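User: Please take a close look at one residue of this model and its setting. A connected account that then places it within the rest of the chain would be welcome.

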Amino acid sequence: MSCFSCFSSHEKKAPRRANSARRAQLPPAVHKEPVSQPHRPVTEIPRTKTPAPAEAANKETGNNNIAAQTFTFRELATATRNFRQECLIGEGGFGRVYKGRLEKTGQVVAVKQLDRNGLQGNREFLVEVLMLSLLHHQNLVNLIGYCADGEQRLLVYEYMPLGSLEDHLLDFPPDQQPLDWYKRMKIALGAAKGLEYLHDKANPPVIYRDLKSSNILLDKDFNAKLSDFGLAKLGPTGDKTHVSSRVMGTYGYCAPEYQRTGQLTLKSDVYSFGVVLLELITGRRAIDTTRNSEEQNLVSWAHPIFKEPHRYGELADPLIKGDLPVRGLNQAVAVAAMCLNEEASARPLMSDVVTALSFLGTEPEHGATAISLPSPPIEHNMSGAQAKPEDEESMIKERERAVAEAMEWGGSHSRHKTKSRSTSASSL
Ligand SMILES: Nc1ncnc2c1ncn2[C@@H]1O[C@H](COP(=O)(O)OP(=O)(O)OP(=O)(O)O)[C@@H](O)[C@H]1O
Ligand SMILES: [Mg+2]
């Protein structure tokens, strides 16, 4: 194997930081209480039936083939120079991730070696292999192959040179520049498109269930790709509105109704997306136990501010506050507030979110005329109380209006852009 550096811009030391949110089985929700302990051990082997993602065909390609290659343990040991410490690029709750180079092809890859923790890990391994073999999109990480050699379970992914969003937003070294506003919005849009594909294009739809900043990986141009499909589930089909499931996920990102009831819908992912968008806006972690108790839970802290648009500036990350478009900030906060609605039915569809975010990631050209973004919607009912039907109706109307305004704005913005750009709000 030719010599290559296993060190990378996002190299991490193991063990991971104590404040990182890890995936786990979650206890029943006590929503809005600051959570003092983000780590929960996985204590039970799931008894829920393993979904059958083999059914999850890609509507666009109709491709039902499992394309992932199989590797022997020896091949992956060679690729990672025997899982050498210098090749370690990250560690999650289920195993370590190494940078490697495949001997046969020279391709640089990320190899995730799952801990040998019995059925739980094996089930997630199978779900991940099947889901990622069947689902293909530019905003989903590409699974190159896997190894199931004896007790060893390893996954081989395309290598994402910039690591995770968490590395750049929440966990970056002091000598690194914070992510600028437009990169943040570009990442939000990429993640939204990945979810939109899972919800609207995969058939049956797929609920991702583990959206968080450490699962959004970045290529060299800050294009976002969703990774970690071990918790993904096939969504409801026919007349069903939800699938029931053991409550799994990560503290701070889990929709309150799912945490309360175990009833999983596409809107659970929309909520998690709202949390990630709020992390992008604020530069704060979903759960941060180093803050004062009233600021530890990001969503609880932001809720009162959502109700007062003139306070949206308070949400902006202080590291980039002086360098972001105020109207863009208002728009992004309005989208986050809608996604984080306590009422799942009042949350937008991911396709609405993609439309609303479509033009927030594009830096205005030098000398371009100022672009008018829609004003932030007045008053969101984010109090956490059950919405009355008439309130709900007006909330839905308000949401529709905000999205329509965003679309209209998107359309007028695209007319200002060069003709080479082919996307438009209406085509999304
Ligand atoms: N394909 C990849 N390319 C580059 N780096 C990766 C890749 N996959 C994972 N990583 C790095 O490894 C880290 C750990 O990933 P992993 O999915 O194991 O854990 P996690 O997402 O932090 O937590 P959890 O176990 O809850 O999913 C990521 O945060 C990222 O920095
Ligand atoms: Mg992960």
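Analyst: Lys-112 counts as buried because it has 23 C-beta neighbours inside 10 Å; the term requires 20 or more other C-beta atoms within 10 Å of a residue's own, whereas 12 or fewer make a residue exposed and values in between partly exposed, with C-beta atoms placed from the backbone. The model is predicted, so local features need pLDDT of at least 70 and side-chain atom pairs count only at pLDDT 80 or more, while totals for chains, interfaces and linings use all residues. Residues are numbered from 1 along each chain as its sequence is written, and chains are lettered from A and ligands numbered from 1 in the order in which they are written.

Lys-112 lies in strand E6 (residues 108–114); strands (E, at least two residues) and helices (H or I, at least four) are DSSP runs numbered from the N terminus. An unreviewed UniProt entry lists Lys-112 under "binding site", and such annotations may be inferred rather than shown by experiment. Beyond its neighbours within four places in sequence, Lys-112 is in contact (C-beta atoms, placed from the backbone, within 7 Å) with Gly-95, Val-97, Leu-154 and Leu-155.

Lys-233, in strand E13 (residues 233–234), is buried with 23 other C-beta atoms within 10 Å.

The chain as a whole contains 10 helices and 16 strands, and 46% of its 428 residues are buried. Of the contacts with a separation of 6 or more, 72% join residues 24 or more positions apart.

Among the helices, H9 (residues 350–357) is largely enclosed by the rest of the structure, because 7 of its 8 residues are buried. These are Met-350, Asp-352, Val-353, Val-354, Thr-355, Ala-356 and Leu-357.

Helices H6 (residues 266–282) and H8 (residues 326–339) pack at about 150°, their axes 8 Å apart; axes are lines fitted to C-alpha atoms over the stretch in contact, and angles run from 0 to 180 degrees between N-to-C directions. H6 is therefore roughly antiparallel to H8, a term for angles over 145 degrees. The contact involves Val-270, Tyr-271, Phe-273, Gly-274, Leu-277, Leu-278 and Ile-281 of H6, and Ala-332, Val-333, Val-335, Ala-336 and Cys-339 of H8.

Key. Angles under 35 degrees count as roughly parallel, over 145 as roughly antiparallel, 65 to 115 as roughly perpendicular and the rest as oblique. Two residues are in contact if their C-beta atoms, placed from the backbone, lie within 7 Å.
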